[in-house]
Amino acid sequence: MSSTAVAWPNGKRIAVAITVMFETWPDDKWPPFSVQTTALKPGTRDNSAATWGQYGGRVGVWRLIRLFDRHGIPATFCANARCAEIYGDAVLQIVKSGHDIAGHGYTQDELLAYQTPEQERATIIRCLDTIAARTGKRPEGWCSPVLAWTQHTDDFLAEQKLLYRADANYIDMPRRIDTKFGPLAHVPHSDFTDQRVLRTAPQIYFDVYKDAFDYLYRDEPMAMLELVLHCHWGGRPLMTAVADRLFTYFRQFPDVWFARHSELARWALDADPEQSTYQRRFFS
């Protein structure tokens, strides 16, 4: 049994993982949400929503990469493969800056849950190959658009030799699972993304994550905090300013492990799943 089964690397007290969703939609579709509160009649092209979603590739992704680079913090970008085709320089910079890049479907409206197993497998392969062709690095992980995975997804990912699926919502620490094609790591996804404050105040995002960090740091040694930002919303100054304050706050603590998803996955794949259960952590 690996010693990493009961501790984070280098004895760190808490792991902080940052997921960035880099998403796009086809030309004839757009995000089903935005900051606007008035919906247009069905069948009407919503130019405001369409261009609002394009902000992520035009501006937001660059602002977030710069923010992480300035703080010296690694992140994991979950990118639609279409982003690699139309925002190729951005996905290349993600890799150049040392961040993880994971597959995230082709476009944000093409959900695995609506596909046959054959279509799903082909979609996964197409997305991984498209990102690899632009960056020179094949993704090591996957996050399903709108977390709509299927009973086949883990097998297809393991078949492609991926390390992890990053949309697990039944855990808050990474864990190893078995598939027909070998082990795979499940990495948790946050319940509170930046989009939860679209029509309220970005300050709420800061308060939620600071309070969660303080609680975990104080009461749950070897805990994990996972944050999510979207390039088309979190990459706007309103949200980036809040993320900047959060990262500044987290960096005051010397025993924080800022972890890429691939690092969390390798930790989980090396660990004994039974040794790192919550029962053993809390009541050993």
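The legends below describe several close-up views of one predicted model. Residues are numbered from 1 along each chain as its sequence is written, and side-chain values use heavy atoms, with hydrogens and water left out. Because the model is predicted, local features need pLDDT of at least 70 and side-chain atom pairs count only at pLDDT 80 or more, whereas totals for chains, interfaces and linings use all residues.

**View 1. Helix α1 packs against helix α7.** Helix α1 covers residues 47–71 and helix α7 covers residues 237–250; helices here are DSSP runs (H or I, at least four residues) and strands are runs of E of at least two, numbered from the N terminus. The two pack at an angle of about 15°, with their axes 11 Å apart, where axes are lines fitted to C-alpha atoms, for helices over the stretch in contact, and angles run from 0 to 180 degrees between N-to-C directions. The helices α1 and α7 are therefore roughly parallel to each other, a term for angles under 35 degrees, with over 145 counting as roughly antiparallel, 65 to 115 as roughly perpendicular and the rest as oblique.

View 2. Residues of α6 including Phe 206, Tyr 209 and Phe 213 meet residues of α7 including Val 242, Leu 246, Tyr 249 and Phe 250. The contact of α6 with α7 divides into nine nonpolar residues, one polar and three charged.

**View 3. Aromatic rings form pairs in this structure.** A search of the whole structure finds 14 aromatic pairs, where rings of Phe, Tyr and Trp (its six-membered ring) pair if their centres lie within 6.5 Å, and planes under 30 degrees apart count as stacked, over 60 as edge-to-face and the rest as tilted. The rings of Phe 68 and Phe 77 have centres 6.0 Å apart and planes at 85°, so this pair is edge-to-face. Phe 68 is buried, with a relative accessible area of 0%, and Phe 77 also counts as buried at 0%; buried means under 20% relative accessible area, exposed over 50% and partly exposed in between (1.4 Å probe, protein chains only). The rings of Phe 213 and Tyr 249, with centres 6.0 Å apart and planes at 75°, are edge-to-face as well. This pair links distant parts of the chain, with Phe 213 in helix α6 (residues 203–219) and Tyr 249 in helix α7, 36 residues apart. Ring pairs link Phe 213, Tyr 217, Tyr 249, Phe 250 and Phe 253 into a cluster.

**View 4. Val 16 is found in strand β1.** Strand β1 covers residues 14–22, and Val 16 counts as buried at 1% relative accessibility. Not counting residues up to four places away in sequence, Val 16 touches residues including Phe 213, Leu 225, Phe 250 and Trp 257.

Key. Contact means heavy atoms within 4.5 Å. Ala, Val, Leu, Ile, Met, Phe, Trp, Tyr, Cys and Pro count as nonpolar, Asp, Glu, Lys and Arg as charged, and the others, Gly among them, as polar.
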